[in-house]
Structure formats: C-alpha cells, structure tokens
Amino acid sequence: MNNKRSSLLFQQAKNLIPGGVNSPVRAFKSVGSDPLFIKKASGCTIYDEDDNAFIDYVGSWGPMIVGHCHPDIVAAVNRAMEDGASFGAPTEREIILAEMVIDAVPSIEMVRMVSSGTEATMSAIRLARGYTGRDNILKFSGCYHGHADALLVKAGSGAATFGVPDSPGVPADFAKHTLTAEYNSLESVKTLVANNKDSIACIIVEPVAGNMGTVPPCEGFLEGLREICTNEGIVLIFDEVMSGFRVSYGGAQELYGVTPDMTTLGKIIGGGLPVGAFGGKREIMEKLSPSGGVYQAGTLSGNPLAMSAGIATLNILKQPGFYQALEEKSRLVAEGIAKSAKQAGYPIYSTRVGSMFCAFFTKSEVRDWTSAAACDTKAFAKYFMGMLDEGVYLAPSQFETAFVSAAHTEADIERTITAAARCFKQIV
Ligand SMILES: *Cc1c(COP(=O)(O)O)cnc(C)c1O
C-alpha cells in the first residue's frame with residue numbers, strides 16, 4: 001500500500017501537534033504503525049491522502065451511523081450555514097432537537113446541549129453532586145466517560161492502551177472522590193456502596209461498554225444498579241454517548257428496559273459535528289443554571305450547524321425498519337468474522353450489541369476490564385495491519401468497538417469477511 005503522502009503529513013504534523021494528532025488513539029501507536037491521513041469519505045468508504053480506499057468500521061468513532069456525507073445531512077448543514085454559523089442566542093433548531101431527544105430517550109424529560117461527550121458527562125456529574133449534596137461518584141473499570149479529571153481513573157481504551165490509567169496532571173485530591181467497581185459485578189458495587197454510606201452522588205455506567213472493546217451488560221446488571229440507586233438515593237447516570245441512538249433509537253435504556261435518572265449523549269446526535277447533551281428527570285435538570293444554581297455554560301452550545309446535522313440524522317434514524325436492517329447487516333459481519341477466525345483455527349471471543357461489535361483476541365469470555373485486558377494485543381495488531389492492507393479500516397486498538405453503518409452493503413460485508421479469513425490464516 002502506498003502511504004507516501006500520509007507519511008509526509010505525519011512528519012509535518014509531529015512538529016506542530018503533540019504526537020501529530022488531536023486525539024491519542026488516532027496515532028496508531030498500539031498497533032505499532034503510523035496513522036493514515038484521511039482526505040474524504042462517502043457512504044461507508046474513506047479515502048486517504050494517497051487515494052487508497054477503505055471500508056470504514058470506525059465511523060468517526062460512532063457518529064456516522066447513516067454513513068459519510070448523507071445528502072440530507074449535507075443539505076441541512078449547508079442551509080444552516082447560510083443562515084449564520086453561530087449567534088450565542090437561542091434558536092428554534094435547539095427546540096426541535098431537544099424535543100426529538102426527549103421523545104426518543106425514556107429517561108430524558110429535559111435536556112441541555114453541550115459541545116462534546118466529555119462536557120456532557122462532566123456536567124451531568126456536577127449536577128448529580130449539586131442535586132444530592134454528595135461528593136463521591138462511582139464508575140466502572142474499563143468504562144470511559146471523557147477526559148475530565150475525576151473520570152480519568154481506570155478509563156479503558158485510550159488511557160488503557162497507553163498504560164496511564166491515572167494521567168499525570170490529575171491531582172490525587174481530584175481523583176479521590178472517584179470509586180471504581182468491576183463492570184458486570186453487582187457485588188463490587190454493593191461493597192463500595194456499603195462502605196460509603198450516604199456519600200455517593202451518582203453511579204455512572206456505559207450500559208453497553210464500548211471503550212474496552214464491546215462488552216454487553218450481563219443479565220440483571222443494569223436492573224441491579226437501578227435497584228441499588230433507588231434504595232440509596234444515588235443518581236443513576238447512563239453514559240449513552242456511544243450507545244444512544246446506536247443500539248436502538250431510544251438507546252440501551254430502551255433496548256434493556258431499564259430507565260436511569262440521567263443520560264449523557266454525544267456522537268450520533270451531532271451527525272458528525274461536535275455535540276454532546278445531558279438530560280434526565282425534570283426535578284434534577286431544573287437545578288441547572290439559570291433555573292437552578294448548578295453552573296454550566298458554553299459559547300457554542302446548541303450551535304445551529306450542529307443542531308441541523310443532529311436533526312437531519314435523527315430524521316433518518318426514525319424511518320421505519322432502519323434499526324432492523326442495521327441489526328441484520330451487523331449480525332452478518334460479526335458472525336462472518338468469528339466464523340472466519342474459527343475456520344482458520346484462531347477462535348476469538350466475539351461480542352455484538354446492534355451495530356456495535358468486537359472481535360476479542362482471546363478464547364475466554366470477556367465480561368469486564370480484567371478479562372478484556374487479557375487479550376493478545378500483538379495478534380490483534382497483526383490482524384489490524386492485515387485488514388488495512390485488504391482495504392478494511394478498523395479501529396487501531398483491541399479495546400475499541402467496530403461500528404456498522406446503514407451505508408455498508410452486503411457486498412462490503414462479504415469483502416470484509418473474506419479479508420478477515422485471509423488475515424486470520426496469516427496470524428495463526
Ligand atoms: C466518546 C465517549 C465519550 C467522550 O465523548 P467526546 O465527544 O470524545 O468528549 C464519553 N463517554 C462515552 C461512553 C464515549 O464513548
């Protein structure tokens with residue numbers, strides 16, 4: 001594969017931008033390679049600066065559920081641009097998207113827009129603390145909730161890959177209010193709750209973990225969290241920045257029938273533009289400034305371009321049969337890859353929820369961070385490089401989720417499975 005221009009650009013970027021990238025995992029470090037610079041994309045295909053084409057399973061890390069450059073979204077953003085990029089004043093588009101989000105997500109009665117998932121979780125936690133008057137928060141090992149100080153504790157993917165679960169620059173004093181439990185272990189939650197009676201403001205969880213590979217919740221796990229939070233006066237926050245509008249229109253809470261008190265969103269609701277949101281019970285949300293005292297603000301919050309991209313995206317997702325079709329394609333590709341591995345004598349542990357899937361390079365079940373971290377990341381790196389050569393663009397880390405979009409065709413999926421079969425044969 002010719003990657004001359006990508007290499008040249010990476011050399012330039014490294015002088016100007018730390019590590020040459022604006023977000024760590026993009027650097028391909030954990031697969032021991034240099035990143036490709038992307039020129040453009042269309043549907044499920046991305047093109048690098050050397051004009052190589054790839055079937056894309058990264059989808060900008062989740063947002064591109066309808067594929068790249070969907071004509072409805074391009075048109076909506078162009079229209080909004082002509083009206084003006086930003087005013088810092090309320091606009092009707094914010095009401096339209098807020099109403100769509102409230103209609104879709106069971107737990108959300110009111111919603112506040114922000115500009116990233118990080119901002120959404122950070123603000124949701126501040127609000128949960130303000131509402132309960134408690135300081136501690138409980139998160140799960142391997143779950144990622146953005147890069148706010150208190151949340152960079154055992155945070156999966158990026159942080160895990162680089163072996164800095166506690167980043168330098170985070171004062172111990174800021175992290176000391178963060179308690180960490182094991183994903184899928186209600187026992188570990190119960191112990192922490194009992195030892196920190198009446199001091200936990202919120203439990204924040206990815207209802208489908210997507211930042212340590214894809215790890216579905218075990219039966220009863222989310223229900224158990226709901227029960228503990230209700231009994232203990234703890235605010236239950238589902239971080240659906242990834243799973244929201246992804247695993248179903250109403251997110252994981254709709255899929256599993258468990259309603260949290262608050263929800264954070266991002267990725268898909270921005271249609272590829274920078275958006276996050278947090279919402280929940282009216283009683284909690286009304287504590288937010290200016291109706292309440294918990295402060296939160298943003299110059300570009302509710303940005304017209306971002307709102308228009310979000311509205312256009314949700315309008316596509318609402319069409320009848322959208323999620324069934326996506327489910328069927330995702331099943332084909334995830335099962336196809338697992339079967340290829342098995343036939344090559346390299347059984348993997350395959351997980352999938354809707355259009356999120358992961359091939360873990362291990363023979364044992366993956367249900368939490370400890371079992372995910374036991375994967376053969378060297379073998380994964382070989383597989384990743386092999387797939388790239390075959391024209392398939394996967395996330396450059398074992399601990400990430402693959403995303404299928406509505407733009408992937410059966411032919412793309414066939415090609416992906418055939419490519420995987422050849423790659424697995426090479427690594428056994
Ligand atoms: C991506 C992600 C975030 C962070 O969102 P950014 O927009 O990258 O700040 C938070 N939580 C989850 C579950 C995510 O997947």
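Let's start with Phe-361, a buried residue with a relative accessible area of 3%. Buried here means under 20% relative accessible area, with exposed being over 50% and partly exposed in between (1.4 Å probe, protein chains only). Before going on, a bit of housekeeping: this is a predicted model, in which local features need pLDDT of at least 70 and side-chain atom pairs count only at pLDDT 80 or more, while totals for chains, interfaces and linings use all residues. Residues are numbered from 1 along each chain as its sequence is written, and side-chain values use heavy atoms, with hydrogens and water left out.

Now for the rings. The structure holds 18 aromatic pairs; rings of Phe, Tyr and Trp (its six-membered ring) pair if their centres lie within 6.5 Å, and planes under 30 degrees apart count as stacked, over 60 as edge-to-face and the rest as tilted. Take Phe-28 and Tyr-393: with ring centres 6.4 Å apart and planes at 40°, the pair is tilted. This pair links distant parts of the chain, 365 residues apart, since Phe-28 sits in the loop between helix H1 (4-16) and strand E1 (38-42) and Tyr-393 in strand E13 (residues 392-393). (Helices, H or I with at least four residues, and strands, E with at least two, are DSSP runs numbered from the N terminus.) Both Phe-28 and Tyr-393 are buried.

Phe-361 has a tilted partner too: Tyr-346, at 5.5 Å centre to centre with 55° between the planes. Tyr-346 is in the loop between helix H12 (322-343) and strand E11 (349-353), and Phe-361 in the loop between strand E12 (356-360) and helix H13 (369-373), so this pair ties together parts that are 15 residues apart in sequence. Tyr-346 is buried as well, with a relative accessible area of 16%. Both pairs belong to one aromatic cluster, whose members include Phe-28, Tyr-346, Phe-361 and Tyr-393.

Strand E13 takes us to an open sheet of 4 strands, ordered E1-E2-E3-E13 with mixed pairing. Two strands pair if DSSP finds at least two bridges between them. At the edges are E1 and E13, each pairing on one side only. Inside the order, strand E2 (residues 45-48) and strand E3 (residues 53-56) pair in the antiparallel sense over 3 bridges, and Thr-45 stands opposite Ile-55 in E3.

Next up is strand E7 (residues 200-205): 6 of its 6 residues are buried, so the strand is largely enclosed by the rest of the structure. E7 pairs in the parallel sense with strand E5 (residues 136-140) over 3 bridges, where Leu-138 has Ile-203 as its bridge partner in E7. Strand E8 (residues 235-239) also runs parallel to E7, joined by 4 bridges, and Cys-202 stands opposite Val-235 in E8.

Finally, the ligand. The residues around it include Ser-116, Thr-118, Tyr-144, Glu-206, Asn-211, Asp-239 and Lys-267; a residue is near a molecule or strand if one of its heavy atoms lies within 4 Å of it. A polar side-chain atom of Thr-118 lies 2.6 Å from an oxygen atom of the ligand, and Asn-211 places a polar side-chain atom 3.2 Å from a ligand oxygen atom. Tyr-144 uses a polar backbone atom instead, 3.3 Å from a nitrogen atom of the ligand.

Conventions: Polar contact = N/O pair within 3.5 Å; in protein donor to acceptor, adjacent residues only side chain to side chain.
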